[in-house]
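Biologist: I would like to learn how to read a few features of a model. Please give the general idea each time, and then the case at hand.

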Amino acid sequence: MARKIAFINYKGGVGKTSLIVNVAACLAKMGKRVLLCDFDTQSNASIWLLKLDRWNKINSTGEGAVYSLFDPGKARIKDLIIKDVVEGKAGEKLLPGLDLVPTTFNFVDLENEYTGDPKRPAYVIFYENLAEVEANYDFILFDCPPNILRGSQLGVFSANEVYVPSNPDALSLIGFTLLVEKLGKFHQLSASFRRTAMGPAAQVQGIIFNSIKTGVDIEVPKMRMQLRMNQFRSAKRVGQNAKIFDTQIRDAMVVRRAVTLGLPVNLVGEGADESVQQDNVVNDYRKLAAEIIAQGAKL
Ligand SMILES: Nc1ncnc2c1ncn2[C@@H]1O[C@H](COP(=O)(O)OP(=O)(O)OP(=O)(O)O)[C@@H](O)[C@H]1O
Ligand SMILES: [Mg+2]
């Protein structure tokens with residue numbers, strides 16, 4: 001069965017998209033079958049992996065992206081999946097195994113214009129769609145915006161695990177706290193739509209520190225986050241094995257450059273060489289992917 005994981009924090013700009021794209025790419029390199037679903041209207045993950053020209057084509061038609069599942073509502077998820085999404089200049093497939101459900105700017109209409117049947121909320125429609133393709137994947141990852149509005153709900157309802165990308169600062173701690181509260185509320189509100197076969201409602205299973213600058217001591221913010229995590233664990237509001245990940249991702253220029261190149265960092269420059277165990281950000285992402293695999297065994 002695929003592991004379904006939402007990456008979310010109530011704080012923006014902490015590195016959710018960078019983490020999910022690069023972890024997805026590392027998992028695919030390890031031979032896992034990965035589906036990344038983009039639930040952020042900004043479409044950052046989609047534009048990154050498709051590059052602007054390919055994404056523009058989809059965006060201009062208003063079809064072929066997540067919102068088509070809801071309006072006009074005739075598309076099925078298999079029509080939207082872009083297989084082996086990462087391509088080189090000549091259209092050659094650079095990363096077999098990494099598929100994408102793209103988003104375009106019309107996805108924002110899910111929050112306002114969309115008036116579906118209240119008996120079938122958007123997250124239920126998405127869940128049913130996903131069930132049709134789930135068997136094809138080892139990992140299904142959801143990139144969510146920093147809120148639990150309808151876009152994110154598609155991810156957190158379908159997911160069985162939540163990871164929280166964070167920066168080592170006070171605002172990330174507030175974001176994490178808010179997230180746990182709002183996630184709990186959403187699970188209560190959506191409880192009548194959950195079936196046993198869906199597995200447990202997703203709880204936070206881990207916090208991942210991102211963008212750590214060399215020489216900056218993060219022990220104090222880490223300790224504060226750990227204390228909050230311990231409180232939530234005692235109150236059973238996060239997973240019983242939830243933890244701050246040992247692996248943290250360093251701040252590195254190549255992460256920003258990779259976006260411009262339209263490639264995950266494990267396909268860029270020196271980092272692409274897997275035979276050398278270099279001390280670099282690509283290996284941070286590889287270690288993180290391995291730690292996520294290991295965390296799955298404890299669920
Ligand atoms: N490890 C890193 N090193 C350097 N820059 C990084 C790193 N991680 C993320 N960034 C940069 O920080 C910015 C925010 O990252 P990202 O878009 O991944 O955050 P986000 O949480 O998805 O934001 P949003 O809330 O808008 O969706 C981007 O410009 C990204 O390139
Ligand atoms: Mg993002």
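Biologist: In which element is the place of Lys-51?

Modeller: Helices (H or I, at least four residues) and strands (E, at least two) are DSSP runs, numbered from the N terminus. Lys-51 has its place in helix 2. Its phi is near 70°, a positive value in a residue other than glycine. This is a predicted model, in which local features need pLDDT of at least 70 and side-chain atom pairs count only at pLDDT 80 or more, while totals for chains, interfaces and linings use all residues. Residues are numbered from 1 along each chain as its sequence is written, and chains are lettered from A and ligands numbered from 1 in the order in which they are written.

Biologist: How many C-beta neighbours does Lys-51 have inside 10 Å?

Modeller: A residue is buried if 20 or more other C-beta atoms lie within 10 Å of its own, exposed if 12 or fewer, and partly exposed in between, with C-beta atoms placed from the backbone. Lys-51 has 17 such neighbours, so Lys-51 counts as partly exposed.

Biologist: Is Lys-236 buried or exposed?

Modeller: Lys-236 is exposed, because 9 other C-beta atoms lie within 10 Å. Lys-236 sits in the loop between helix 7 and strand 7 (243–244), and its phi is near 60°, a positive value in a residue other than glycine.

Biologist: What is the peptide bond from Asp-71 to Pro-72?

Modeller: That bond is cis, with omega near 10°. Pro-72 belongs to the loop between helix 2 (44–61) and helix 3 (77–80).

Biologist: Where does Pro-168 lie, and which residues does Pro-168 touch?

Modeller: Pro-168 lies in the loop between strand 5 (161–166) and helix 6. Two residues are in contact if their C-beta atoms, placed from the backbone, lie within 7 Å. Leaving out residues up to four places away in sequence, Pro-168 touches Phe-209, Ile-212, Ile-218, Pro-221 and Lys-222. Pro-168 has 21 other C-beta atoms within 10 Å and is therefore buried.

Biologist: How should I read a pair of packed helices?

Modeller: Two packed helices are described by the angle between their axes and the distance between the axes. Axes are lines fitted to C-alpha atoms, for helices over the stretch in contact, and angles run from 0 to 180 degrees between N-to-C directions. Angles under 35 degrees count as roughly parallel, over 145 as roughly antiparallel, 65 to 115 as roughly perpendicular and the rest as oblique. Helix 6 (residues 170–190) and helix 7 (residues 219–234) make an angle of about 15°, with axes 10 Å apart, so helix 6 and helix 7 are roughly parallel to each other.

Biologist: Which residues meet there, in helix 6 and in helix 7?

Modeller: From helix 6 come Leu-173, Phe-176, Thr-177 and Val-180, which meet Arg-224, Met-225, Arg-228 and Phe-232 of helix 7. By class (Ala, Val, Leu, Ile, Met, Phe, Trp, Tyr, Cys and Pro nonpolar, Asp, Glu, Lys and Arg charged, the others, Gly among them, polar), this contact of helix 6 with helix 7 has five nonpolar, one polar and two charged residues.

Biologist: At what angle do helix 4 and helix 5 pack?

Modeller: The angle between helix 4 and helix 5 is about 50°, and their axes are 8 Å apart. Helix 4 and helix 5 are therefore oblique to each other. Helix 4 contributes Ala-122, Tyr-123, Phe-126, Tyr-127 and Leu-130 to the contact, and helix 5 contributes Arg-150, Gln-153, Leu-154, Phe-157 and Ser-158. These divide into seven nonpolar, two polar and one charged.

Biologist: How many residues of helix 5 are buried?

Modeller: Helix 5 (residues 150–158) is mostly covered, with eight of its nine residues buried. Its buried residues pack against strand 1 (3–7), strand 2 (34–38), helix 4 (122–131), strand 4 (139–143), strand 5 and helix 6.

Biologist: Which residues come nearest to ligand 1?

Modeller: A residue is near a molecule or strand if its C-beta atom, placed from the backbone, lies within 6 Å of it. Of the 20 residues around ligand 1, Gly-12, Lys-16, Thr-17, Ser-18 and Val-255 come nearest. Helix 1 (16–29) and helix 8 (253–261) are the elements that give two or more residues to this shell. The shell around ligand 1 divides into seven nonpolar, nine polar and four charged residues.
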